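Here's a quick briefing to read with the model open beside you.

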Amino acid sequence: MALPIDALGASHPEIVRWRPATVADVDDLWRFTRIVGKADHPHHLTTREGIVRDFGLSYFDPEQDSLIGVARDGTLAATGMVMAPTRRETLARSILVGGVHPDYRGRGIGQELLTWQLGRAEQQLAIAAPAVPRWILAYTDEAAYRSVRLFRRLGMECARYFQSLERRLDQPIPEIDLPGDVRVIGYTPQLSRAAHAARNSSFRDHWASQPMSDEAWDSFVTSRIFRPDLSFLALAAGRDGSQQVVGFALATVNQDDWVNQGYTGSHVDLVGVIDGWRGKRIARALLSAHLRAARTEGLARATLIVDSESPTGALNLYLGMGFTPTTRRLAFTVEL
């Protein structure tokens, strides 16, 4: 049982009420996240559908895992969620999401919110499997200096940098030759489970990554912004004639981002190649297929985000495919 909100320290003279979020708040939360997003990370805004999906996750209990701060004039001034995914093979994580309305910053509200989130995360992790490390995680754009400063003030450490990259699609796209036993095809729902397995296998050595649950995977590949026609799989032929998914490049298109980005574009959310098939130019071939399809679609640019210290050398791969760095996203942690 979670402690009451006031027992975890959420109180502020300008907030007349702290309360959990409910499904009835979805539209208000969506408007709020767009306002905060335009201030902190304008190139990638949260969709309303994404907020609805959060409320449907089995490991998110809004009554215990969310907090809304309402100001005296009725404005939604702050929101916070604490998400604890249940797949914990090598790491238990509680992930902090939220922010403060730009008009209410610099008044200590963010500190009250983050204090509550850290307390709730510790509760979640207290019942996690004791055999694995337990981390509290929060992400923010480097330009969101107030968030960076607040995380550090409350004892969180910047543990990782994630580089945002973009590529113009009017530039030449290289042709990539593959071994004869590997071919690239468009994503199909019939191969969804195999692609999910490939994602979980290929991300095992990624920082802070754990297997993606069935519900999280399904919500991603059935979302409104997921683009099967811009997503690709690499198939390898087995000795018995079977076909195995050994790589993937899965993309979304969120038109809400285009105004702030200043261009039309796609976003490559997931790229991976399973162990044993790396070093065969498979990721390059998958990216090349995506870039060509996005250009044919009439889009101007493609974007993605990569761990700057990825053990697979992904950053150099993307730079070699014509992507250029833009902003950076910082990962802050508390290790319990």
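Rings of Phe, Tyr and Trp (its six-membered ring) pair if their centres lie within 6.5 Å; planes under 30 degrees apart count as stacked, over 60 as edge-to-face and the rest as tilted. By that rule, ring pairs tie Trp135, Tyr139, Phe162 and Trp207 into a cluster. Keep in mind that this is a predicted model, where local features need pLDDT of at least 70, side-chain atom pairs count only at pLDDT 80 or more, and totals for chains, interfaces and linings use all residues. Residues are numbered from 1 along each chain as its sequence is written, and side-chain values use heavy atoms, with hydrogens and water left out.

**Aromatic pairs**

- The structure holds 10 aromatic pairs.
- Take Trp135 and Trp207: their ring centres are 5.5 Å apart and their planes sit at 45°, so this pair is tilted.
- That pair bridges distant parts of the chain, 72 residues apart, with Trp135 in strand S5 (residues 134-141) and Trp207 in the loop between helix H6 (192-202) and helix H7 (214-221). Helices (H or I, at least four residues) and strands (E, at least two) are DSSP runs, numbered from the N terminus.
- Both Trp135 and Trp207 are buried, where buried means under 20% relative accessible area, exposed over 50%, and partly exposed in between (1.4 Å probe, protein chains only).
- Tyr187 and Phe226 have ring centres 5.3 Å apart and planes at 85°, so they are edge-to-face.
- This pair also links distant parts of the chain: Tyr187 is in the loop between strand S7 (182-186) and H6, Phe226 is in the loop between H7 and strand S8 (232-237), and they are 39 residues apart.
- Tyr187 is buried at 8% relative accessible area, and Phe226 is buried at 4%.

**Helix H6**

- Ser192, Ala195, His196, Ala198, Arg199, Asn200 and Ser202 are the buried residues to look at in H6.
- The buried residues of H6 pack against H7, S8, strand S9 (243-252) and strand S10 (265-273); contact here means heavy atoms within 4.5 Å.
- Arg199 lies over the face of Phe203, 4.5 Å from the ring centre. For a charge to sit over a ring, NZ of Lys or CZ of Arg must be within 6 Å of the ring centre and within 35 degrees of the ring normal.

**Nonpolar cores**

- A nonpolar core is a set of buried Ala, Val, Leu, Ile, Met, Phe, Trp, Tyr and Cys residues joined through side-chain atoms within 4.5 Å.
- The largest one has 52 residues, and Leu250 and Tyr318 touch the most other members.
- Helix H9 (residues 282-296) gives the most to this core, with eight residues.
- Beyond its neighbours within four places in sequence, Tyr318 is in contact with Leu165, Val271, Leu287, Leu304, Val306 and Phe323.
- A second, separate core of 29 residues includes Ala71, Ala121, Leu125 and Leu150.

- Glu166 is in strand S6 (residues 157-168) and is buried, with a relative accessible area of 14%.
- The side chains of Glu166 and Arg301 are joined by a polar contact of 2.4 Å. Such a contact is a pair of N or O atoms within 3.5 Å; within protein, one must be able to donate a hydrogen and the other to accept it, and residues adjacent in sequence count only if both atoms are side-chain atoms.
- Ala285 is in helix H9 and counts as buried at 8% relative accessibility.
- Leaving aside neighbours within four places in sequence, Ala285 is in contact with Ile176, Leu178 and Val184.
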